[in-house]
Amino acid sequence: MVTHRSETDAEVRARRQPGQLSDTPNGRDSRRRHWLPYVLILPAVVAELIIHVVPIVLGVWTSMTQLTQLHIRDWTNAPVIWFDNYRHGLDPAGAIGSALGDTVLRTLAFTVLVVALSWIIGMLAAYVLNTRVRGARGFRLLFLVPFAVPTFASVLAWSFMFSRDQGAVNHVLVDQFGLLDERPFWLIGDNAFWAMVVVAVWRLWPFAFLMLLAALQGVPGELDDAAAVDGASRWRTFRSITLPAIRPVNAVVILIMGLWSFNEFSVPYVLFGPRPPESATLLAALIYEHSFVHFGMGLGAAMNVLVLMFLLGVSLLFLRLFVPHGRRHA
Amino acid sequence: MREGPGFRWFRRGVLTFLTLITVVPLYVVVSSSVKPLADVQGRFSWIPREVTLSPYVDTWTTVPLARYLVNSLIVAAVSASLALLVAVAAAYALSRFTFRGDRAFRLAVLSTQMVPGMLFLVPLFLIFSQVHTWLGIRVIGTHAGLIVTFMTFSLPFAIWMLTGLFAGIPREVEEAALLDGLGRIGVLLRIVLPLARPALAAVGIFAFVIAWGEVLFASVLSDADTRTLAVGLRAYITQSTVLWNELMAASVIASVPVVVGFLMLHRHLMRGLGAGLR
């Protein structure tokens, strides 16, 4: 195995002073310097353009057209209707607008629940495994498994466990502990929402654990020790020293998990199929249904643009509030 | 920090709880995959009454598992290799040169990660179908369409992580080699890449895992012939009677390669995360 010296923050940052030319010391290939980096990033730029940038622009255009299955074969000629799709989407009295409003609220509730639970579980795991404990390596490997298992496989497993008559969940709740008298259906009706939350948290918390552990390992232990000498409790030390020290990473972790959860598609799709029960319809599923089940692609696109603007606003606000200046480029 | 008995009990409790919530679902899958059909059709039982490997044999004919598996392998392997190539080049440029637009590029790459996949799914579908109309090249329902798309999904993380790792490779060696007349590309190929080999493996596995598990785009951009595991197995549970033992066996078969790869390389992935976070 190859090992190499890992540098400290300060070293890396010192080398990245703006304006510093990091090419050969004698400037022998100073002319090449101008085009080589551009050639190196070209493939990435082209790929991003084709798969992301052009589709996003096209998506904004689509949102202003009446693109339905009538025009799907010949979509470049779909009639332009400007902001009508947005008007439908934002009209709280209309069927589409009220469904969209409900779905946004439901998606927000889902996001807050999943992020909060995943963060708490991940933090607990990271905190106890950042101490000297026997078998830490084994636990760390084990806890990564839910994240490593492909989404579709773990969700299929959960859909088996949640099945009413053959599932492990009802077996435990009803047969073994007798907490419930009747076997509930978990995958239809209002219970579907909670089933979806459980599966999403089970998949996501190892990510929080991984990132928070990496962050905790960067906090010097002397700080904690000094606080302990001063008589601070573990909880005090955690709140006043550990949390502030890992704040930048923490903010990024929460933001990433929030964006993932808000855009969650795979978990409900594998759990319920293309038409989930209403209680488990998240935004992504609603837009998918409009676009590919009803073929109202113009309307779907308008919803997408609204979601993007919302996420952009929330993310910028979040970064401004929680990420200190100077670290934002990281 | 001193560890009192209270804390040790707390730690024991937390670790027990976490181990349970992690292991129980995995146990359910594995134990159900070795039960005879009668055992998974009635009430759930923790201990299999009888252990049989027949689900692992029969699942190949119940579901077109081999076809899905091959499709997933092709799509994931090719898109991961491409992502690695593209990301190595971009990350080397970012870690070794200061050039006009480097920050903009870095930011643009990261921000594409923020855009919900749903937003470019429909347009991408439209573009791909238009390519067929205009150029006569079929993209939807082919491996190529999935490969190009999945490649871009792992690019942001791959570039970000590799930039951090390349920055951690001491430059003195490289500069000596440059003086010795090895060109920039030579230095990248013969000095930087060999040093970064474990990291490259980690990023490659990461990209592979992303493509292997992707559901949304695979559900729209693949057809019956190119369907990957992620979409194919899902379609199976819509049938009226589900052979759960065989489906669990198929899930195990679909998971083992990526889980093993992921766990083998997780240390390098961790180090990459650490480097990227700085």
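Helices here are DSSP runs of H or I with at least four residues, and strands are runs of E with at least two. Keep in mind as you look around that this is a predicted model.

**Stop 1: chain B by itself.** Following the sequence, the pattern reads α-α-α-α-α-α-α-α-α-α-α-α-α-α. Switch to the C-alpha trace, which spans about 70 × 70 × 35 Å along its principal axes.

Stop 2: Colour by accessibility next. Of the 278 residues in chain B, 60% count as buried. Among contacts in chain B with a separation of 6 or more, 72% join residues 24 or more positions apart.

**Stop 3: where the chains meet.** Bring chain A back and select the residues in contact, 120 from chain A and 107 from chain B. About 10,400 Å² is buried between chain A and chain B, and carbon and sulfur atoms give 73% of that area.

Stop 4: To see it, select A:Asp175 and B:Arg43, whose closest N and O atoms are 3.6 Å apart. Ten residue pairs, both at pLDDT 80 or more, are in polar contact between chain A and chain B.

**Stop 5: the face of chain A.** Finish with helix α2 (residues 32–62) of chain A, which gives the most to the side touching chain B, with 21 residues. Colour that side of chain A by class, and you will find 74 nonpolar, 25 polar and 21 charged residues.

Technical notes. Residues numbered from 1 in each chain as written. Chains lettered and ligands numbered in written order. Predicted model: local features only at pLDDT ≥ 70, side-chain atom pairs only at ≥ 80, totals over all residues. Heavy atoms only, no water. Contact = heavy atoms within 4.5 Å. Buried area = accessible area lost by both parts, 1.4 Å probe. Salt bridge = Lys/Arg side-chain N within 4 Å of Asp/Glu carboxyl O. Polar contact = N/O pair within 3.5 Å; in protein donor to acceptor, adjacent residues only side chain to side chain. Nonpolar A, V, L, I, M, F, W, Y, C, P; charged D, E, K, R; others polar. Buried < 20%, exposed > 50% of the residue type's maximum accessible area, 1.4 Å probe, protein only.
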